Amino acid sequence: MQLTSQTLASMAEACLSMQQLKIIHGRALRSNLHHHPIVLAKIFRFAAVSPGGCLRYADLLFSQIYQPNTFFYNILIRGYSKSSTPSRSVRLFNQMRRNSVDTDGFTFTFLVKSRSRMRIHSPSIMASDEIHGAALKFGFCLHLFVMNALIHLYAARGVPASARRVFDETVGADSVSWSGLVAAHVRAGELELARQVFDEMPDRDVVSWTMMMSGYAQAKRPKEALELFMEMRDAGIKPDEVTLVSATSACTSLGDLQMGIEIHHYILENGFGWMVSLCNALIDMYAKCGCIDQAWLLFNSMEIKSLITWNSMISACAKHGNADDAFMVFAHMLDSGTRPDKITFLALLTAYAHKGCVDDGYGLFESMQRDYGIEAEIEHYGCMVDMLGRAGRLEEAYELITGMPIPCNDVVWGALLAACRIHGDVEMGERVLKKLMELRPDKGGYYILLRDIYVAAGQRAEAIEVRRAMDVNGATKTPGWSWVGDEHSPHHSS
């Protein structure tokens, strides 16, 4: 049967995989329709931008097109803008200019997206991108979608001054423009300015609400994030997956179990219960709010589990002192074919520390590096020091720290000093404090730990001397904070 261009184009339009596309392409070649504009466009588009496509195949097709026009350049630029090599988009743009191929608004929209994903080290380019200049030169400053792309480019780089400049030049700014400006301030850590822009927005969509909430959450201001979530709900804006994850995380930070349960009910009632990211956030929330049984119910109900799911449950078990459950989950994780990462091993080491299984912990620590190729980081060493310290193996902990291939910090040394206090080891405590005075001479808590060790050992003169050294070095004790009351107001304690 002779295939027509319309049939081949329809087949390419309905294509789901590269295997299918190659068969369609082969039929087009045999029918001598592979250069037909519509057939070629459909085949090329799938290869370049579809999730099941292949950029290398698209590149090969592109190289065989005689004098490709703006459409083909744009499609390939778009494909590379979403790839691991976005810089290829810029090279294609330069090729367009050399070959005198016309650019349009889509060219610059895809190109700007590519630039936002490229690593730029020059401060001058960060604040004023050359593609921005080219867009102005070619007369696309009146195209709203190009200007919005530029606003989001500078937002991604955390340069709000440049984003504001483009915003002020934008004709007919819409919610995308405003959201980009909010994002720019959030990325730069300017939350008050971000909130000011947010409050001025004539039309706030779910993206802008979520951006502002995420900003508060990332800045460790969960109370404001949750208040904004409630405002959003009262305004009749339906939250999306990202919004609900941010709100759940805010409940976790605040320990607000009741609000977390309300959000969980909303998730179920609105058909979001299947989303893995939301289930992960809920598992973490229930575990950290003390409801480990509810965390287990959610975990066991999930048909699809991501690496984060497994890690969340292992961490929950470890932090609740259920070491055997943590190891059981880890075994099921390996059986499922999920490869562990550094967070998995950190949670398992925590479980071993709680159980007091030092030798098993050491074995896991070595296996992590030997069998899985995961290099130990400062947190893993800290966990090992804590484990050894709890067991009274202080000399081994000291040797582990001094033999670390990476720089140690005061937190790890502090863990060893705390173990010295527990076991009353004055000599080791003195050695550790010397290290701590090199790293953090201003941190009074460490001096107080050694002072307590001296007091417990009956060495009051040495305890007084430590207190004097603390005053001489200007060290101060960090004040404590606790959450009291329904309004989540922090109360100071000294």
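Which helix is Ser-175 found in? Let's look at this predicted model in a few close-up views.

**View 1. Ser-175 and its contacts.** Ser-175 belongs to helix H12, which covers residues 175–187. Beyond its neighbours within four places in sequence, Ser-175 is in contact with Met-201, Asp-203 and Asp-205. Met-201 is 26 residues apart from Ser-175 along the chain, and the C-alpha atoms of the two are separated by 7.7 Å.

**View 2. The loop between H5 and H6.** Here you can find Ser-83, in the loop that runs between helix H5 (70–81) and helix H6 (87–98). Ser-83 has a relative accessible area of 12%, so it is buried. Leaving aside neighbours within four places in sequence, its contacts are Leu-55 and Arg-117. Lys-82 has its place in the loop between H5 and H6 too, but Lys-82 is partly exposed, at 40% relative accessible area. Together with Arg-45, Lys-113 and Arg-117, Lys-82 forms a positive surface patch.

**View 3. A salt bridge between Lys-42 and Glu-13.** The side chains of these two residues meet at 2.4 Å, N to O. The pair links distant parts of the chain, with Lys-42 in helix H3 (residues 37–49) and Glu-13 in helix H1 (residues 5–13). Lys-42 is partly exposed at 30%, whereas Glu-13 counts as exposed at 53%.

**View 4. A network of salt bridges.** Arg-195, Asp-199, Arg-204 and Glu-231 are linked in this network. Within it, Arg-204 and Asp-199 form a salt bridge, their closest N and O atoms being 3.7 Å apart. Arg-204 is partly exposed, with a relative accessible area of 28%, and Asp-199 is partly exposed at 45%.

Technical notes:
Residues numbered from 1 in each chain as written. Predicted model: local features only at pLDDT ≥ 70, side-chain atom pairs only at ≥ 80, totals over all residues. Heavy atoms only, no water. Helix = DSSP H or I, 4+ residues; strand = E, 2+ residues; numbered from the N terminus. Buried < 20%, exposed > 50% of the residue type's maximum accessible area, 1.4 Å probe, protein only. Contact = heavy atoms within 4.5 Å. Patch = residues over 30% accessible without salt bridge, like charges linked within 9 Å, V, L, I, M, F, W, Y side chains within 5 Å. Areas by Shrake-Rupley, 256 points an atom, 1.4 Å probe, with all protein chains shown as cover. Salt bridge = Lys/Arg side-chain N within 4 Å of Asp/Glu carboxyl O. Lys, Arg positive; Asp, Glu negative; His and termini not counted. Charge placed at Lys NZ, Arg CZ, Asp CG, Glu CD.
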